[in-house]
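Colleague: Could you walk me through how to read this model, one feature at a time? I would like the general idea and then the case at hand.

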Amino acid sequence: MYNTVLVAVDLSEDSKKVIKTAADLAGESSKLHLVHVVEPVAAAYSMDIYAVNVSELQQEAIKFAEQKLEKIGQELAIEPDRVHTLLGAPAPEIRNLANELGVDAIVIGSHGHSGWKILLGSTAIKVLHGSTCDVMTVHVGKDD
Ligand code: AMP
């Protein structure tokens, strides 16, 4: 059904379910892309009193995420150029990449928040708003 599918993974245990659903949806002839977005380390921590080197910390976080995502990609036999580790705010980065790649669908996990938690928003809802392709949510985690 879909030629190209972008799977957003947060690298948690939930990612397995999201990827499995995307792989089933994509089928054998479709191209699967993986994306993980590393969020910027808060500038507040760069204050001297904390004695933290933010840029080093950021590089470490990116390296860690790259390695973890590469491993997932290898396990699924996804070519390295279809495995994307980005830096920024997850939702807009996922949407922008989906546009750049011209994917047919984005597959993303959703905790199905109810009540006041809806107001806080979730990555899935933020991705959905403004997306120009299909967005499929995979229910992950516990109901709340
Ligand atoms: P959340 O609602 O933020 O708990 O995230 C739900 C889903 O959004 C996850 O299962 C992932 O599919 C996706 N997601 C969350 N954070 C990221 C991230 N940093 N990079 C890529 N995808 C993410």
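Modeller: Let's begin with alanine 77, which sits in the loop between H2 and E3. Helices (H or I, at least four residues) and strands (E, at least two) are DSSP runs numbered from the N terminus. One thing to keep in mind is that this is a predicted model, where local features need pLDDT of at least 70 and side-chain atom pairs count only at pLDDT 80 or more, while totals for chains, interfaces and linings use all residues. Residues are numbered from 1 along each chain as its sequence is written, and side-chain values use heavy atoms, leaving out hydrogens and water.

Colleague: What is the phi of alanine 77?

Modeller: The general idea first: most residues other than glycine have a negative phi. Alanine 77 has a positive value, near 55°, in a residue other than glycine. Leucine 11 is another non-glycine residue with a positive phi, about 75°, and it is found in the loop between E1 and H1.

Colleague: Are alanine 77 and leucine 11 buried or exposed?

Modeller: Buried means under 20% relative accessible area, exposed over 50%, and partly exposed in between, with a 1.4 Å probe and protein chains only. Alanine 77 counts as exposed because its relative accessibility is 68%. Leucine 11, at 13%, is buried. For the intermediate class, look at lysine 63 in helix H2 (residues 54-75): its 45% relative accessibility is why it counts as partly exposed. Over the whole chain of 144 residues, 35% are buried.

Colleague: Which pattern does the chain follow along the sequence?

Modeller: It reads β-α-β-α-β-α-β-α-α-β, with five helices and five strands in the chain.

Colleague: How should I read strand pairing, and which strand is joined to E1 (residues 4-8) by five bridges?

Modeller: Two strands pair if DSSP finds at least two bridges between them. Strand E1 is joined to E2 by five bridges, and the two run parallel; valine 5 stands opposite leucine 32 in E2. E2 is also joined to strand E3 (residues 83-87) by five bridges, again in parallel, with leucine 34 opposite valine 83 in E3. E1 pairs with E4 as well, in the parallel sense over three bridges, and here valine 5 stands opposite alanine 105 in E4. E4 in turn runs parallel to strand E5 (residues 134-139), with six bridges joining them; valine 107 stands opposite methionine 136 in E5.

Colleague: Why is E2 largely enclosed?

Modeller: Seven of its eight residues are buried, so the rest of the structure largely encloses E2. E4 is mostly covered too, with five of its six residues buried.

Colleague: What is the handedness of the β-α-β unit made by E1, helix H1 (residues 14-26) and E2?

Modeller: A crossover is right-handed if, with the strands pointing away from the viewer, the path from the first strand over the helix to the second runs clockwise. The unit of E1, H1 and E2 is right-handed. In the loop between H1 and E2 you will find serine 30, which is buried because its relative accessible area is 15%.

Colleague: Which backbone oxygen does the side chain of serine 30 reach?

Modeller: That of tyrosine 2, at 2.5 Å. A polar contact is a pair of N or O atoms within 3.5 Å; within protein, one must be able to donate a hydrogen and the other to accept it, and residues adjacent in sequence count only if both atoms are side-chain atoms.

Colleague: Now the ligand: how many residues surround it?

Modeller: The shell takes in residues with a heavy atom within 4 Å of the molecule. There are 13 of them, the closest being Ala8, Val37, Gly109, His111 and Thr123. By class, seven are nonpolar, five polar and one charged; Ala, Val, Leu, Ile, Met, Phe, Trp, Tyr, Cys and Pro count as nonpolar, Asp, Glu, Lys and Arg as charged, and the others, Gly among them, as polar. Strand E2 (31-38), helix H3 (90-101) and strand E4 (105-110) each supply at least two shell residues, and E2 gives the most, with three.
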